[in-house]
Amino acid sequence: MIASTHLAVGAASALLIQEYIPVKWDIKTRYILGLGAGILSHIAFDSLGHAEYSVQGIALFSLLWVEVGVTLLAVLGFSNRVMMPLLMWGMFWGAVPDLLYFAHEFTGIKVFELGHAILHLTHGWLITLYVNHATQIGITVCAIVYIRIRASTTAF
Ligand SMILES: [Zn+2]
Ligand SMILES: [Zn+2]
């Protein structure tokens, strides 16, 4: 699935889980649950049948930079400053399962490859539910709208 979907959905999941955490729970627990929500959202969305990038190499790399830049701006721009660290945290962990692939490519460290493989065991499993590029962008927009509404009214 495209990077912006994982980033936006990761941030939205880290934010969404906060709504179910008792008010008195401390910030560390909130971030740990946000981490879990970010990774789980990646696994869940990658489990759907989905269109992959149709470009490779330098074209893919350039596209990723633009996509990540636009998504960062959309998620963080104008957000309540108090919520920014949590949103960045959610985006990061929502991207980690795929970042492990690049971490292995660049460092050659096997454990990154293993982590990537484990987190993608259910990749593309639900083939009956196929998510094309347009729908992936739609999901991204919905996640950003949710973040923009909730991150401006929530603070902890
Ligand atoms: Zn995929
Ligand atoms: Zn993935």
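A: A nonpolar core is a set of buried Ala, Val, Leu, Ile, Met, Phe, Trp, Tyr and Cys residues joined through C-beta atoms within 7 Å. Buried means 20 or more other C-beta atoms within 10 Å of a residue's own; exposed means 12 or fewer, partly exposed lies in between, and C-beta atoms are placed from the backbone. The model is predicted: local features need pLDDT of at least 70 and side-chain atom pairs count only at pLDDT 80 or more, while totals for chains, interfaces and linings use all residues. Residues are numbered from 1 along each chain as its sequence is written, and chains are lettered from A and ligands numbered from 1 in the order in which they are written.

Now the core itself. The largest nonpolar core holds 22 residues. A11, L15, V75, L87 and I147 have the most contacts inside it. Helix 1, helix 3, helix 4 and helix 6 each supply at least two residues of this core. Helix 1 gives the most, with eight residues. Helices (H or I, at least four residues) and strands (E, at least two) are DSSP runs, numbered from the N terminus.

L15 shows some of the packing. Two residues are in contact if their C-beta atoms, placed from the backbone, lie within 7 Å. Leaving out residues up to four places away in sequence, L15 touches L86, L87, G90, I147, R150 and A151.

L86, L87 and G90 are among the buried residues of helix 4. M91, W93, G94, A95, P97 and L100 are buried in helix 4 too. These buried residues pack against helix 1 (3-18), helix 2 (27-47), helix 3 (57-76), helix 5 (110-119) and helix 6 (133-153). Helix 4 is not straight. A kink of about 55 degrees lies at V96, shortly before the proline P97. Such a bend is the angle between axes fitted to the seven residues ending at a position and the seven starting there. Helix 4 covers residues 84-107, and its end C-alpha atoms span only 30 Å. A straight helix of 24 residues would span 34 Å at 1.5 Å a residue; the expected span is 1.5 Å times one less than the number of residues. Just after helix 4, G108 takes a positive phi of about 75 degrees.

Next comes helix 6, where I147 and A151 are buried along with Q136, I139, T140 and A143. Seen down the axis of helix 6, its buried residues fall within an arc of 100 degrees, so they line one face of the helix. The arc is that of the directions from the helix axis to the C-beta atoms. A134, I149, S152 and T153 are exposed on the other side of helix 6. The buried residues of helix 6 pack against helix 1, strand 1 (48-50), helix 3, helix 4 and strand 2 (126-131). Helix 6 has 21 residues and should span 30 Å at 1.5 Å a residue. Its end C-alpha atoms are 31 Å apart, which agrees.

V75 brings in helix 3, where the buried residues are T71, A74 and V75. They fall within an arc of 85 degrees seen down the axis of helix 3, so they line one face of the helix. The buried residues of helix 3 pack against helix 1, helix 4 and helix 6. The face turned away from the buried side carries the exposed residues I58, F61, S62, W65, V66, G69 and L73. W65 counts as exposed because it has 11 C-beta neighbours inside 10 Å. W65 and A3 are 62 residues apart in sequence and 9.7 Å apart in space, C-alpha to C-alpha. Helix 3 has 20 residues that should span 28 Å at 1.5 Å a residue, and its end C-alpha atoms are 28 Å apart, which agrees.

One strand residue is worth a look. L129 is found in strand 2. With 11 C-beta neighbours inside 10 Å, L129 counts as exposed. Leaving aside neighbours within four places in sequence, L129 is in contact with L48 and G49.

Finally, the whole protein. Its secondary structure comes to six helices and two strands. Of its 156 residues, 27% count as buried. Residues 24 or more positions apart account for 83% of the contacts with a separation of 6 or more. The C-alpha trace spans about 45 × 30 × 30 Å along its principal axes.
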